[in-house]
Amino acid sequence: MDVIFDPLVPLMPLAALAVVLAGLLVFAIWRGLPGWWLRGLAGIVVLIALANPALQDEDREPLSDIVMMMIDRSASQKLSDRESQTAEAVESLTRDIEGRGMELRTVEVPDGIGDAGTELMTALSEALSEEPQSRIAGTILVTDGQLHDAQRAPELQAPLHTLLTGRSTDWDRRLIVKNAPAFAILDEEIVLTVRIEDQGAVPADVGAMVDLSIAIDGAEPQSFNVPVGEDLNLPVTLTHGGRNVLQFELATLETELTDRNNAAVVQINGVRDRLRVLLVSGEPHAGERTWRNLLKSDAAVDLVHFTILRPPEKQDGVPVNELSLIAFPTRELFLEKVNEFDLIIFDRYKRRGILPGLYFDSIRQYVETGGAVLIAAGPDFASADSIYRSSLGDIIPAEPTARVFDEGYKPAISEIGERHPVTEGLAQFAPGPDAEDGTPGWGRWMRHIEVTETAGNTVMTGVADGPLLTLNRVGEGRVALLASDHAWLWHRGYEGGGPQLELLRRLGHWMMKEPDLEEEALTASVEGQTVTLTRRTLSEEIGEVVITEPNGTTRAIELREISPGRFASSFEGVEQGLYRVVEGEIETVFALGPAAPREFVETVASGEKLEPLVTPLRGGILHIEDGVPGLRMVSEGRNASGRGWIGLTPRNAYVTTNITVTPLVSSWLFLLLAALLTVGAWLREGRR
């Protein structure tokens, strides 16, 4: 029961009246009036009457205390026997808490979205927002202590306790890639820094050296014996453009917690600093300027143009010393520095005795060791002086028949060309289909050198469906034969022109071995947890794709054809980590999330991250390994943990069901008392 005041007038007027009465009382004392104290009592009675005192009686219903229990269900909690430890602790505490008449709120916290890790404090904040703070008697965390959002911890008024899973003998070894650039220039060395660290109670019999294997693009890995606990600088040189996948993997020991952090995948895009092109022109013609302008328009291309302006057989009496200012360095270009070029183009070139046979043999070897040659053939290719009759004939994918068709025709994409990435979908660059035969509506060419395919794949055809563009792989290099010198007509817009720029761009990228233009490839694109596999092939059918997941399990899926030469399908990745995909002899690797997810960066159980949160609230950090602690009720502000026990603070919360207010004294009685005191003061002073 409480005494309350419900003033009959607002507080400000009541306060003003109190000030006036106090002033009158002081004046009465100053004047020496003997009844001043009676007047003061009368004023006080009037003020009390206006304040309206009353007795308030509440009917209260006690509320039970609430205990929050946050259960860590992240991936690291699945290691060793942590799941059974968690189950044991939850069962024991649930029984004890409910036996004390408390309400238990259990929240299970899975892995965060993406690679957010364990968001224990975020989940606790959300759970507490739905409960009254006045009823929270304590919070218990069942976890390995490796949370990743400690900065989001809410303000708590009751004890916070942590029950740690794991064992005192746990230890783990992890691989860290400390720096890995997203891009690197081809054939230039970059340095990756790798470190191997041990965590926890490392056994004495574990050596200070470990086997580290490194594989590039899924190739056979190379193994190295490296030290633990030191930064290792690994020089790497990228050999091809596009995505380069470097996979690092440590040898796994049976006693360590997990091997999920023993591997890492680094994806680096290889880019060319400059593309060095050697253009060899046999004689001036309309297409030569088109080739030159096309190559010079790209600032990333370094062009060396070797052209014959005056053939040796021309006899016009001009002295030899007046033909040129300097001698062209043919020996340096074709013998000594030929391997420095990324691409060599022969444009209507024939043997004239200017380039000895030794030079052609050098170019053939250049291709076999990884170089690229593009031949734009004119009538010269069908003659007796054709470069096909040189050492290059061993690598050129088509043989000339000596026939030259000087007639109009529209280049067409062959059946295999519909599946080859160089010419796939090239028809869409035409203004529209031809009204007569439905072929792409681009302009005609006026010359076609008849050739017979001897190797490779013909992706475009000309007169009478004869080979027009033939591609072939030779050793480590590539060769392309364009059996016409009239591609420039497309560039000039003749009869609407055609996609010469797009065709030559794709052709150049294919010859430079860009992964996006490989005709036999298996790629994986990742968006969230969804993985899309794409298989490019020149075949009409493919087999099943076998997927090896991070935990070692395998499954097979079928890809469906989405366009000529392209098969694709999607699947949902369940676990984060490294996946290996194989179809026939083609394979690739990709990472879903990081190779070592955040959950597996630190796997040894520890209360270090939670200690700054637990200590101020007088809570405790205990190991389940030592036994599930008992519960005790402790007063607010007292130590809430000890050896083998944790404490909860009773909140004594209640809800008011009814309120009764009774006036302390009747207002009329106050008025009568004030009148009597006033009359008494008057009588005392009048008697004087």
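Tutor: Buried means under 20% relative accessible area, exposed over 50%, and partly exposed in between, using a 1.4 Å probe and protein chains only. In soluble globular proteins, nonpolar side chains tend to be buried together. One caveat: this is a predicted model, where local features need pLDDT of at least 70 and side-chain atom pairs count only at pLDDT 80 or more, while totals for chains, interfaces and linings use all residues. Residues are numbered from 1 along each chain as its sequence is written, and side-chain values use heavy atoms, with hydrogens and water left out.

Student: Which residues touch the most other members of the largest nonpolar core?

Tutor: Leu507 and Met511 do, in a core of 38 residues. Helix α9 (residues 500–511) supplies the largest share of this core, five residues. Helices here are DSSP runs of H or I with at least four residues, strands are runs of E with at least two, and both are numbered from the N terminus. There's also a second, separate core of 33 residues, with Leu278, Ile375, Ile395 and Ile449 among them.

Student: What is Leu507 in contact with, leaving aside neighbours within four places in sequence?

Tutor: Contact means heavy atoms within 4.5 Å. On that basis Leu507 meets Leu374, Val422, Leu469, Leu471 and Ala480.

Student: Now rings. How many aromatic pairs are there?

Tutor: Rings of Phe, Tyr and Trp (its six-membered ring) pair if their centres lie within 6.5 Å; planes under 30 degrees apart count as stacked, over 60 as edge-to-face and the rest as tilted. That rule gives 10 aromatic pairs. Take Phe306 and Phe334, an edge-to-face pair at 5.6 Å centre to centre with 80° between the planes. Phe306 sits in strand β16 (residues 301–307) and Phe334 in helix α6 (residues 330–336), so this pair ties together parts that are 28 residues apart in sequence. Phe306 is buried at 4% relative accessibility, and Phe334 is buried at 0%. Ring pairs also link Phe306, Phe334 and Tyr359 into a cluster.

Student: Where do charges sit over rings?

Tutor: The test is that NZ of Lys or CZ of Arg is within 6 Å of the ring centre and within 35 degrees of the ring normal. Arg276 lies over the face of Phe341 at 5.0 Å from the ring centre, and Arg478 lies over the face of Trp510, also at 5.0 Å from the ring centre.

Student: And sheets? What is the strand order in the open sheet of five strands?

Tutor: Strands of a sheet pair through backbone hydrogen bonds, either parallel or antiparallel. Two strands count as paired if DSSP finds at least two bridges between them. Here the order is β4-β3-β5-β6-β33, with parallel pairing. β4 (103–109) and β33 (621–623) stand at the edges with a single partner strand each, so one side of each has no neighbour in the sheet. Strand β3 (residues 66–72) is joined to β4 by seven bridges, and Ile66 has Glu103 as its bridge partner in β4.

Student: Which helix lies across β3?

Tutor: Helix α3 (residues 82–99), which also lies across β4, β5 (136–143) and β6 (160–164) and runs at about 175° to β3. Axes are lines fitted to C-alpha atoms, for helices over the stretch in contact, and angles run from 0 to 180 degrees between N-to-C directions.

Conventions: Core = buried A, V, L, I, M, F, W, Y, C linked by side-chain atoms within 4.5 Å.
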